[in-house]
Amino acid sequence: MDYDDTQIEQDLEDAVIETITKTKKEGPPKDLPKVLYIFPVVRRPFFPGMAAPVVVEPGPFYEALKVIAKSEDKCIGIALTKKEDADLSTVTLKDLHPVGVVARILRIIPMEQGGAQVILSMERRMRLLGPAKRGSKELIAKVSYHKEEVILTKELKAYAISIISTIKELLKLNPLFKEELQIFLSHSDFTEPGRLADFAVALTTANRQELQEVLETFDIQGRIDKALILLKKEVDLSRLQNTINQKIESAITKTQKEYYLREQLKTIKKELGIEKEDKTVDKEKFVARLKDRVIPEDIMKVINEELEKLSALEPQSPEYALCRNYVDWLTITPWGIKSQESHTIAEAEAILEKEHYGLEDIKKCILEFIGVSKLSGNLKGTILCFVGPPGVGKTSIGKSIAHALNRKFFRFSVGGMRDEAEIKGHRRTYIGAMPGKIVQALKSCQAMNPVIMLDEVDKIGSSYQGDPASALLEVLDPEQNCDFLDHYLDVRCNLSDILFIVTANVLDTIPEPLLDRMDILRLSGYVLEDKLQIAKRYLIPKQRKAAGLTTEEAEFTDPALRELINSYAREAGVRTLENSLKKIFRKIALELARKREKSHTKKTHKIIKKILPASLQKFLGKPIFQTDKYYEKTPAGVSVGLAWTSHGGATLYVESIKVAAEKTEMKLTGQAGQVMKESSEIAWTFVHGSMDKYAPKATFFDHAQVHMHIPEGATPKDGPSAGITMVTSLLSLLLETPIAPDLGMTGELTLTGRVLPVGGVKEKLVAAKRSGLKTIILPKGNLRDIDELPAHVKKGMNLILVEHYDEVFPIAFPK
């Protein structure tokens, strides 16, 4: 018999009305046994009035059911376990809920894989009274059946009608319940109002505990009340599911509709000749890129072969996308395109002077390259390496060079790079393969002669994936880069027209073969006068504008700038100085914004804010650097040296004292490196061997331990340039005589007393000037470095050049 929605609703209403108009008392059934075999279930309980199939696996339960099916009453008890994860093989009566249902076995259908499907008809509620035999663990129990009284009330009728309307609403939201309702109406009749509640609850997806509570509720009105609550929850859940399904279907329908419309539109355009196929469009785009270009013959041959291959492939095939990407890179690389160098030498010089202060050596070198370019027509074979501490303008000078040459500029960092494919590209056999950084730079600049800067080349790495430093050899070597081969493009590429600029903080970590191919240009750092001019010309206007201030609202005085540089920004570069200026202008901007808010106007009377030395602590806090001088007057045993670091120059104090000991020896502390330890041993031996010359009346530290210390022990120190400083410290201790005031020195010492040249002269002199040293002893071998120094660096200092320590001694210990 087939049912439609209207028929189902009408039959359900008729059955309920017929039920609730009856008043009937039911006694205990005469054909149901008082002792039953109990079948445990785990997932959810069954309710009276239902017919349900149960799958039973081979085992004791299956054997018991076969025996019961042959009995006269064919009845078993079904009860829910208290725990959802209970093991049915070990379940006892204590593990079951006390209320279940008695079911009659209608049919047992054996299954091929073993076990059977048992069709059960749920008859009545029953209560477990205890085991049939005392002490027995078998699932055979005494049971009792509840007497139900059905009394018609208005409230009961209202509940029943409410359940009917809720079921109708549920049917509209979830059509799956329609089949269950049809089965119920065709196989069941209402003999009690509680059956409607049982059926309504069985329709829901409530959890096992909620269903068991309804099963254990014998009161009809209480049972209908709980059933109605669960039905309402199910309606809310179905409504939510329906909303989600509608959203998903709407999205899918919209996407499908758009897809069909696009396909129809594409077909119409093709028929009218308005639009071409994707393959044709791609090919025309690639051919258009090659127009008016001078492309090498071997590269053009590869492009033509790939275009023919692309024409033979279907756009839907995976190989089409790979081929298309390859041709895209081949054609977008700017073969034959070069930037025209239109600037004259005078214009280039003006650009460099405008964008950078100082750095005269660098500017002269760049102008020389431009002069060569003007005469020869190219800058082939040129690789510049800018070496210097952070913040001295290595990257920005590279941009200025590109501007002066009227070339495109591209920068990328190789610091930490470990894969050579970053330089030479990935082979096309890999998924996601792409060209290396060099080819990417050419694509970005759209010229074959850009200025390419490789930052942080001293921090390049290597791993099992390859050695990028070795890959750079082919890129930077003028003899090789005219035939550079990128693994992805797989065609020869001429890089000889590119001006390569690399930057580094130190040269020690750069591989020697790579370093050998570069022209080294050192950017030593800036002295106070340089920083003062850089701040005035570039940093202050730039940061003041960024903060939205005018010259009248924030003006630096020269003394304030000098104090800012000396007390807060002593590094070789200007990065800390720029950050300090940013902080000061931000605080001034905040103060000005607050005053404008109080006056409720965008502009008030002009506020003239002059920044004086005394106001720096208000903006930046206490000074970071107080002084480089540890002593106002240097005591005996202390000498002042000069050191070079990657961040610039620094003064280096060497302190020596002696303590009584059984054995004459020297101890060195201050985190000195191996070279510095060897310098201290050389100094110790030299002083011991030269006693008669420098201290004829003194005895050499008999029964004493000499402790030599280099302050700031947390900072690692190394290098040979402290040799004469250590000797001077030991002689000062031996003679018990302080060295001459405002004296600093640097130089490597040999065992015979010769003073050898050292590096970093400019940085060391800058540090000496900052510390107020007036007399500086330097090796005579550094005369060339001193002659190249700017006049303002040497101004105010007495530079003394020496070849042997015999010349140092009378300067350090004047009579």
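1. Helices α11 and α13 are roughly antiparallel to each other, because their angle falls in the class over 145 degrees. For α11 (residues 345–355) and α13 (residues 394–405), the axes cross at roughly 155° and come within 8 Å. Axes here are lines fitted to C-alpha atoms, for helices over the stretch in contact, with angles from 0 to 180 degrees between N-to-C directions. Helices (H or I, at least four residues) and strands (E, at least two) are DSSP runs, numbered from the N terminus.

2. This is a predicted model, in which local features need pLDDT of at least 70 and side-chain atom pairs count only at pLDDT 80 or more, while totals for chains, interfaces and linings use all residues. Residues are numbered from 1 along each chain as its sequence is written, and side-chain values use heavy atoms, with hydrogens and water left out.

3. On the α11 side, A348, I351, L352 and E355 meet S400, I401, H403 and A404 of α13, contact meaning heavy atoms within 4.5 Å. By class, five residues in this contact are nonpolar, two polar and one charged (Ala, Val, Leu, Ile, Met, Phe, Trp, Tyr, Cys and Pro count as nonpolar, Asp, Glu, Lys and Arg as charged, and the others, Gly among them, as polar).

4. Helices α9 (residues 297–312) and α10 (residues 318–332) pack at about 150°, with axes 10 Å apart. That makes α9 roughly antiparallel to α10. Their crossing is left-handed. From α9 the contact takes in V302, I303, E306, L307, K309 and L310, and from α10 E319, Y320, C323, R324, Y326, V327, L330 and T331. Nine of these residues are nonpolar, one is polar and four are charged.

5. The chain has 28 helices and 26 strands. Of its 815 residues, 46% are buried (under 20% relative accessible area; exposed is over 50%, partly exposed in between, with a 1.4 Å probe and protein chains only). Among contacts with a separation of 6 or more, 75% join residues 24 or more positions apart.

6. Two aspartates deserve a look at the backbone. D490, in the loop between β12 (484–485) and β13 (492–493), has a positive phi of about 60° although not a glycine. D490 is partly exposed, at 47% relative accessible area. D742 has a positive phi of about 55° and lies in the loop between α24 (723–735) and β22 (743–745). D742 is partly exposed, at 30%.

Key. Parallel < 35°, antiparallel > 145°, perpendicular 65-115°, else oblique. Left-handed = near helix turned anticlockwise from the far one by under 90°.
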